[in-house]
Amino acid sequence: MIRILDKNVADKIAAGEVIDRPVSIIKELVENSIDAGADSITVEIRNGGKSYIRVTDNGCGIAGEEIPAAFMRHATSKIEKVEDLDNIETLGFRGEALASICAVSRVEMVTRRAEDRKGTRVVAEESEVKDMRGTGCPEGTTITVRDLFFNLPARLKFLSSDASETRRITDMLSRMAMSYPDIRISFISGGKGVFTTSGKGNFLNNIVSIYGAETGKYLIPVTGDEDGMVLRGFVSNPSYTLSSRNRQIYCVNGRVVSSDVMRRGLEKGYRERLMQGRFPVAFLFLSVPGDTVDVNIHPAKKEVRFGDVFRVEDFISEAVARGLRGEEGVTRAVPETGPAEVPKLTAKPEIREEEKQVDIKQILSTVRHENTPQPVVREEPVEIPPVRKEFDFDSLEIRGTVFNTYIIAQNEDSFFMIDQHAAHERIFYEKMKNQYAASEKLSQQLLTPLSIVLPPDAAASEERWLPQLRKLGYGAEFFGDSTYLIREIPAFTEVEEAEDFLRDFVASLEDRIDVTDRKAIDRIIMRACKASVKGGDRLEPEEAVSLINQLKRCENPFSCPHGRPTFIRLRKYEIEKMFRRV
């Protein structure tokens, strides 16, 4: 039997799509505060938000006569007609936030517009406005939410511990604070301040306030501007990584989102710069034309869909790679393990305005009022990466080698250690890749041919793998009994290197790897790189100079194909700090 659901039941079902835990409520209310033009927002919770949530802002407020409609489903001031969905410029637009919240909790709202002499206090519960009357209050809106899921005990039972819910809220508000450096956001839990941002538009200061000065030291500015797409933000030096993606924050048109497209773009930008299982820190803020992105694909607005996925992905990866190619992208002498992977719960000192190297106010075009707090005094110097400058290999002066493994060099303000094995791997890898892609193959004849023995099924289908081997500069001909003679090898390889590569190539055929796939060839080349110059092979001075000259001509001279750094940098200031000279 088909029946129409009771309104109360339907409202609770609808609320379940938007409100699944306390963090969902806070996200909706903070987004409404931002849409209302607030430049100061305070969030207070108790018991992880399960018993008490209060969000206070100094936004535009709501007219008294419009308040009853604000608690109705599908009531919004942000869209009017279906065409508006093609170009949404606000965070909220569904008209479900207040209706969903008051369907599963007890809500009180106090609000006043600047032009009104008095405000309005509203009490709502079970999807109905219970009481509404005039009251004195400051300009803006305060919404208090009590007893979440008091009427849905089954939902309440599935909430996590107070500490877990608080962590979710801290993470979400941290991301919101990163997205809106012009808004002062304060977070209070159980009567104790968790963090407060300055609201001065200093994006880097927000990072330091929430995640600590250590994170700020190793961030590299990333910028991009192309065909209406604008990217601003920071990524971490490859030496400063985490074991998870917890500290990767993505924002699209002011909306904090989970985005596989932006994540893939970030990881492509770091290609070959990180060891497997390590992830960079990233704060990336993307602005795109409203008609090229769909924000209406998730009930809680956590995801977006781009019209041209590959264009966005490539745009981000190129911007990140460009930032990492600069001087500040050189691996620094710090531990591989990054910072603790939860936000700091104490405010950190503010970075001076003159230390900003990127105009982060361009991240978002939101206009805010000039109501900001006084800056606090910094406790210690915080080194901020400069605007991207190409690394100058010609400035390096080679001073020798240590342990027959590391080349020692310096320039005007830094000390460098170059891993000769990692550097040779990079050089060999790029030469092999370029050889594969080149129309003219540079090979050298061997006086004594090499021989390889293939598995029988591979020998029977040489048309599948032989052209790929020849594209890499190897001349092969059938000798009989699954044996092939190699009479030519790439011009830049030693015989031993060629033998190691052929060994890996044959192993890939035995494993039935599709060598017609460019990615498969790439992996074979990477494996073969391990046969390059070993640590412990003594290099003469002229050989060290030659290695550095070849490295500087590489597309990515900063890491081997497996993600290990080719060289690390220690600034003069850092050395002096070790010896307590500064």
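The protein averages a pLDDT of 79, and 78% of the residues score at least 70; pLDDT is the predictor's confidence in each residue, from 0 to 100. The model is predicted, so that local features need pLDDT of at least 70 and side-chain atom pairs count only at pLDDT 80 or more, while totals for chains, interfaces and linings use all residues. Residues are numbered from 1 along each chain as its sequence is written, and side-chain values use heavy atoms, with hydrogens and water left out. Over residues 335–387 the pLDDT stays under 50, and for this stretch the model has 128 contacts beyond four places in sequence, a contact meaning heavy atoms within 4.5 Å.

The protein contains 17 helices and 25 strands. These elements are DSSP runs numbered from the N terminus, with at least four residues (H or I) for a helix and at least two (E) for a strand. Of the 582 residues, 52% count as buried, where buried means under 20% relative accessible area, exposed over 50%, and partly exposed in between (1.4 Å probe, protein chains only). The protein exposes about 27,500 Å², of which carbon and sulfur atoms supply 50%; accessible areas come from the Shrake-Rupley method with a 1.4 Å probe, and for residues only the protein chains shown count as cover. Among the contacts with a separation of 6 or more, 73% involve residues 24 or more positions apart.

Axes are lines fitted to C-alpha atoms, for helices over the stretch in contact, and angles run from 0 to 180 degrees between N-to-C directions.

Strand β25 (residues 567–571) is largely enclosed by the rest of the structure, because four of its five residues are buried. Strand β18 (residues 331–332) pairs with β25 in the parallel sense over two bridges. T331 stands opposite I568 in β25, and the bridge partner of R332 in β25 is R569. Pairing between β25 and strand β21 (residues 414–419) is antiparallel and extends over five bridges; here F416 stands opposite R569.

A further open sheet of five strands has the order β9-β10-β15-β12-β13, again with mixed pairing. Its edge strands, β9 (219–226) and β13 (255–257), each pair on one side only. The twist averages 20° from one strand to the next. Strand β10 is joined by six bridges to the antiparallel strand β15 (residues 282–287), and F234 stands opposite F283 in β15. Helix α9 (residues 260–269) lies across β10, β12 (248–252) and β15, running at about 125° to β12.

N237 is placed in the loop between β10 (229–236) and β11 (241–242). With 1% relative accessibility, N237 counts as buried. The side chains of N237 and S239 are joined by a polar contact of 2.7 Å. Such a contact is a pair of N or O atoms within 3.5 Å; within protein, one must be able to donate a hydrogen and the other to accept it, and residues adjacent in sequence count only if both atoms are side-chain atoms. Neighbours within four places in sequence aside, N237 is in contact with Y218, I220, E328, G329, V330, T331 and R332.

Definitions and conventions. Two strands pair if DSSP finds at least two bridges between them.
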